Amino acid sequence: MNARFLRDGYVTDALAQIGAAGLFFFTILGAVPKSLRHFRETVRQIWFVGAMSLVIIMTCGLFVGMVLALQLYHTLSIFGGTAALGTVVALSLFRELGPVVTALLFAGRAGTSITAEIGLMRATDQLAAMEMMAVDPVAYVVAPRFLAGVIAMPILACVFNALGIFGGHLVGVTWLGVDNGTFWGNMTANVEVWADVINGVWKSLAFGAVVTLIAVFQGYTTPPTSEGVAYATTRTVVFSSIVVLALDFVLTAFLM
Amino acid sequence: MSRSAEPLVRVRGLSTRLGDKVIFDGLDLDIPRGSITAVMGPSGTGKTTLLKHITGQMRPDAGEVWVDGSNVPTLGRDALFALRERIGYLFQNSALLTDFDVFENVAFPLRQHARLPEELVRNIVLTKLQAVGLRGAARLMPSELSGGMARRVALARAIVFDPMLILYDEPFVGLDPIALNQVLKLIRTLNQTLGITSILVAHELSAVRRVADRVHLLANGKIVAAGAPDELARGESDWTKQFFGGEADGPVPFHYPAGDYAHDLGFDGSAA
């Protein structure tokens with residue numbers, strides 16, 4: 001089986017893709033200073049990938065927090081520990097669920113649209129036209145979207161966390177009767193800014209960079225056909241999901 | 001030879017393969033400064049590929065492509081971009097930026113490369129749009145344009161910097177007779193008033209006859225005939241007779257290489 005994979009080039013193709021994406025990352029970094037000339041484009045992209053993702057992030061954050069509180073209340077009540085509900089909900093969101101679920105939602109909402117947009121620009125010769133007008137498409141098209149993703153992801157994760165805690169409070173305090181003071185008091189006493197909140201922000205930054213890199217790379221290198229754009233869009237979601245979850249394990253191991 | 005007497009574009013020994021197919025096989029070509037030169041030939045002979053070599057969008061396997069004294073395949077990215085600022089390129093499919101309206105599409109090169117007052121940008125853009133008859137369409141989005149209108153906007157964008165060289169890839173496709181006439185006049189006017197060198201890839205012999213100084217017929221990876229349009233259309237070589245006469249039989253095969261027709265249809269009993 002392994003020999004067949006090697007013979008058919010799956011492994012070498014995958015390694016070549018990873019290498020090309022790595023080189024593309026450095027190309028983007030090199031183009032960032034030039035892209036600051038088009039800062040309005042970066043702001044426009046922050047609006048597009050960030051603000052336009054708010055509805056899905058807020059809705060999902062609310063329901064994730066509500067489900068989390070419901071499940072945890074049931075488990076904690078077995079041990080008589082429902083007073084810790086606020087703490088556990090907040091820690092789960094800040095450390096894991098906030099950054100990870102936001103990144104997965106971001107890949108589905110913004111990552112796919114970035115890939116499709118750049119892929120269609122490739123298919124309709126718009127990127128070639130920019131090259132012909134002596135405008136670097138990496139600086140004008142790719143870098144602003146990459147920066148927007150890196151900037152928007154931690155903000156979206158914070159919004160997700162806030163709505164998640166609100167959802168947890170709604171279920172835990174309003175519905176299941178956990179004491180309001182206990183909920184907030186235990187949470188503020190046990191959640192640490194640097195160890196929990198900021199570590200989650202670091203994770204979000206890393207996920208923002210990785211998901212947006214995958215999205216822009218897939219769009220930029222897509223074959224200029226409708227089928228090519230469709231495959232690239234799918235690959236963005238699949239690769240982003242795998243990489244986010246794998247990277248989450250690595251980062252958690254280092255940040256613990 | 002003084003610089004001004006040298007051809008603006010000089011191609012020597014150009015060889016390119018795409019997969020197994022030989023596109024150019026030691027092609028030589030000179031484009032004189034200030035001329036309008038048409039490159040014609042059967043479909044798939046590499047006319048657009050030739051334009052891509054001239055602008056450095058593709059690198060050849062071998063050979064030299066000199067544009068205004070620079071060998072394009074050897075240029076670094078910065079030098080290539082500096083050269084492209086002096087070249088206008090009309091894409092076959094217009095390639096308008098779909099996020100911008102017509103005005104901003106034409107203004108795009110100006111905004112990227114020249115820090116001009118907004119009023120001057122506005123005047124330049126409206127002048128170019130007036131030249132292609134679309135000043136009134138300045139605020140339309142590309143999705144609201146017909147194919148012919150999009151081509152004219154792309155033409156306005158290609159000439160917005162008054163470049164030294166303009167490459168037109170199929171500029172006459174989709175134009176109605178009125179627009180075609182105006183575009184032909186515009187190409188001629190740009191050439192006569194500003195001395196802009198033009199290379200156009202086209203199939204419409206009647207339009208080419210009205211505008212081009214010289215035609216190069218490209219086939220089998222080489223220039224097989226060259227001359228003034230009328231002279232070439234009356235040519236007696238097999239190439240010119242077949243191409244300008246539109247005949248299926250001749251040195252250029254009409255059919256893509258294929259196996260035996262009867263065999264493919266199963267008339268010899270081989271089909272399952």
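Contact here means heavy atoms within 4.5 Å. By that rule, chain B brings 23 residues to its contact with chain A, and chain A brings 19 residues. The model is a predicted one.

**Chain A**

Chain A has 10 helices and zero strands. Along the sequence its pattern reads α-α-α-α-α-α-α-α-α-α. The C-alpha trace of chain A spans about 65 × 50 × 30 Å along its principal axes.

Chain A also carries a nonpolar surface patch of about 590 Å². Its members are Trp202(A), Phe249(A), Val250(A), Phe254(A) and Leu255(A). Helix 10 of chain A, residues 226-255, supplies the largest share of this patch, with four residues. Trp202(A) sits in helix 9 of chain A, which covers residues 193-220.

**The interface**

The size of an interface is often given as the accessible area lost when the parts come together. Chain B and chain A bury about 1800 Å² between them. Carbon and sulfur atoms account for 56% of that area.

Polar links cross the interface too. Six residue pairs are in polar contact between chain B and chain A, with both residues at pLDDT 80 or more. Which elements of chain B give two or more residues to the side that touches chain A? They are helix 2 (77-84), strand 6 (87-90) and helix 3 (102-113) of chain B. Helix 3 of chain B gives the most to that side, with five residues. By class, the side of chain B that touches chain A holds 10 nonpolar, six polar and seven charged residues.

**Salt bridges**

The whole structure has 20 salt bridges over all chains. Four salt bridges cross the interface of chain B and chain A.

| Residue in chain A | Residue in chain B | N to O distance |
|---|---|---|
| Glu131(A) | Arg84(B) | 3.3 Å |
| Asp136(A) | Arg77(B) | 3.0 Å |

Why does the pair of Asp136(A) and Arg77(B) join two chains? Asp136(A) lies in the loop between helix 6 (126-132) and helix 7 (137-175) of chain A, while Arg77(B) lies in helix 2 of chain B, so the pair spans both chains.

**In brief**

Chain A is built with 10 helices and zero strands. Its contact with chain B buries about 1800 Å² and includes four salt bridges.

Key:
Residues are numbered from 1 along each chain as its sequence is written. Chains are lettered from A and ligands numbered from 1 in the order in which they are written. This is a predicted model: local features need pLDDT of at least 70, side-chain atom pairs count only at pLDDT 80 or more; totals for chains, interfaces and linings use all residues. Side-chain values use heavy atoms; hydrogens and water are left out. Buried area is the accessible area (1.4 Å probe) that two parts lose on being put together, summed over both. A salt bridge is a side-chain nitrogen of Lys or Arg within 4 Å of a carboxyl oxygen of Asp or Glu. A polar contact is a pair of N or O atoms within 3.5 Å; within protein, one must be able to donate a hydrogen and the other to accept it, and residues adjacent in sequence count only if both atoms are side-chain atoms. Ala, Val, Leu, Ile, Met, Phe, Trp, Tyr, Cys and Pro count as nonpolar, Asp, Glu, Lys and Arg as charged, and the others, Gly among them, as polar. Patches are made of residues with over 30% relative accessible area and no salt bridge: like charges are joined within 9 Å, nonpolar side chains (Val, Leu, Ile, Met, Phe, Trp, Tyr) within 5 Å. Accessible areas come from the Shrake-Rupley method with a 1.4 Å probe; for residues, only the protein chains shown count as cover.
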